[in-house]
Amino acid sequence: MPRSLIAGNWKMNGLSADGWALADEIVRRAAATGGPELLVCPPATLIGLVAEAVVGSPVALGAQDCHPDDSGAHTGDISAPMLADLGCRYVIVGHSERRSDHGETSAVVAAKAKAAQRAGLAAIVCVGETWSEREAGRTAELVATQIRESVPGGSAAANLVVAYEPVWAIGSGRTPTVAQVAEVHGLIRRELGGRASEPGNVRILYGGSVKPANARELLAVPHVNGALIGGASLKADDFLAIAGAVAS
Ligand code: PEP
């Protein structure tokens with residue numbers, strides 16, 4: 001079983017003082033959580049600052065997006081080599097908020113994931129269905145297609161993480177049943193056979209309204225190798241309690 005990963009996606013939240021305080025508290029208390037790897041993904045403006053807070057600690061640093069190109073005329077964008085230069089080890093790509101807010105297709109997501117891997121980062125590729133797609137019985141087909149089209153062929157367990165995030169569960173307080181999570185994670189594991197070497201070692205995270213109260217049961221589902229956490233990652237107590245649910 002791969003080592004679990006508990007990843008915090010801070011989204012567009014936090015000014016310098018908040019970012020420093022949150023990262024610093026997570027670093028100070030990280031050792032007490034036991035087994036899982038901890039990752040914080042602050043907004044781009046805070047990456048440099050948070051890099052200083054986590055340096056020399058077991059807490060890894062990641063970003064929330066990168067451009068498919070390594071450099072060039074792309075005003076306002078940030079490349080994967082720039083993130084690596086700041087100390088990032090991970091970058092989230094294809095989050096549903098980017099797919100919907102910025103019209104990112106799976107082809108664009110794959111290009112971003114490839115850029116991340118070229119720069120020596122692990123890409124956290126997000127997939128997941130909307131509520132209407134689930135109601136129409138299209139979850140399996142949709143997630144399988146997203147995996148085939150968003151995950152670069154030839155990925156390795158060291159440079160790829162997949163996050164299953166049902167769009168309807170993000171920030172809503174609603175979560176799929178344990179059986180629904182198990183079904184989709186099993187499907188993703190099978191689909192990874194065609195995209196990654198050592199597919200059994202690629203970590204597959206569940207994301208969508210994970211909280212201390214539901215973490216234990218979600219993290220115990222087969223093929224759930226950790227969590228991608230939005231809202232609850234902004235409170236050190238909640239983030240660390242979720243991490244503690246893996247270890248115990
Ligand atoms: C997310 O956006 O990645 C996420 C999982 O958000 P939340 O935990 O707030 O549902």
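**Notebook: a predicted model, one chain**

I began with K114, which I found in helix α5 (residues 106–118). The model is a predicted one, and I read every value below with that in mind.

**Entry: K114**

I looked up the accessibility of K114 next. The relative accessible area of K114 is 46%, so I noted the residue as partly exposed; the cut-off for exposed is over 50%. I then checked a distance from K114 to another part of the chain. The C-alpha atoms of K114 and P68 are separated by 7.4 Å, and the two residues are 46 apart along the chain.

**Entry: the chain as a whole**

I counted the secondary structure and got ten helices and eight strands for the protein chain. I looked up the extent of the C-alpha trace, which spans about 45 × 45 × 30 Å along its principal axes. For the radius of gyration I have 17 Å; a compact globule with 248 residues would be near 18 Å, so the value agrees with the chain being such a globule. Of the 248 residues in the protein chain, 52% are buried.

**Entry: aromatic pairs**

How many aromatic pairs does the structure hold? I found two. I wrote down the details for the pair of W131 and W168.

I then asked where the two partners lie. W131 belongs to helix α6 (residues 131–135), while W168 is in the loop between β6 (160–164) and α8 (178–192). The partners are 37 residues apart, and the pair links distant parts of the chain.

W168 has a relative accessible area of 9%, so I list W168 as buried, the limit for buried being under 20%.

I also looked for a charge at the ring of W131. The charged end of R174 sits over this ring, 4.5 Å from the ring centre.

**Entry: the loop between β7 and α9**

G208 is in the loop between β7 and α9 (212–219). At a relative accessible area of 5%, G208 is buried.

V210 has its place in the loop between β7 and α9 as well. V210 is buried, and I noted a relative accessible area of 5%. I took one distance from V210: its C-alpha atom is separated by 7.5 Å from that of A227, a residue 17 positions away along the chain.

**Entry: N9 and strand β1**

I found N9 in strand β1. The relative accessibility of N9 is 5%, so N9 counts as buried. Between the C-alpha atoms of N9 and V59 I have 14 Å, for residues 50 apart along the chain.

**Entry: backbone angles**

Next I checked for positive phi values in residues other than glycine. K11 has phi near 55°, a positive value, and is not a glycine. I placed K11 in the loop between β1 (5–9) and α1 (16–29). E198 is another residue other than glycine with a positive phi, near 50°. I placed E198 in the loop between α8 and β7 (203–207).

**Entry: the largest pocket**

I finished with the pockets. Rolling a probe the size of a water molecule over the atoms shows where empty space is left. The largest pocket has a volume of about 530 Å³.

Which residues lie nearest the centre of the largest pocket? I noted M12, Q64, D65, R98 and H102, out of 20 residues in the lining. I then asked which element gives the largest share of the lining. That element is helix α4 (residues 96–101), which contributes three residues. Sorted by class, the lining comes to nine nonpolar, five polar and six charged residues.

Notes
Residues are numbered from 1 along each chain as its sequence is written. This is a predicted model: local features need pLDDT of at least 70, side-chain atom pairs count only at pLDDT 80 or more; totals for chains, interfaces and linings use all residues. Side-chain values use heavy atoms; hydrogens and water are left out. Rings of Phe, Tyr and Trp (its six-membered ring) pair if their centres lie within 6.5 Å; planes under 30 degrees apart count as stacked, over 60 as edge-to-face and the rest as tilted. Helices (H or I, at least four residues) and strands (E, at least two) are DSSP runs, numbered from the N terminus. Buried means under 20% relative accessible area, exposed over 50%, partly exposed in between (1.4 Å probe, protein chains only). A charge sits over a ring if NZ of Lys or CZ of Arg is within 6 Å of the ring centre and within 35 degrees of the ring normal. On a 1 Å grid over the protein atoms alone, a cavity is a set of points where a 1.4 Å probe fits but cannot get out, and a pocket is an open set with protein on both sides within 12 Å along at least five of seven lines; lining residues have an atom within 4 Å of a point. Grid points are joined across faces, edges and corners, and a volume is the space filled by probe spheres set on the points. Ala, Val, Leu, Ile, Met, Phe, Trp, Tyr, Cys and Pro count as nonpolar, Asp, Glu, Lys and Arg as charged, and the others, Gly among them, as polar. The radius of gyration is taken over C-alpha atoms; the globule rule is 2.2 Å times the number of residues to the power 0.38.
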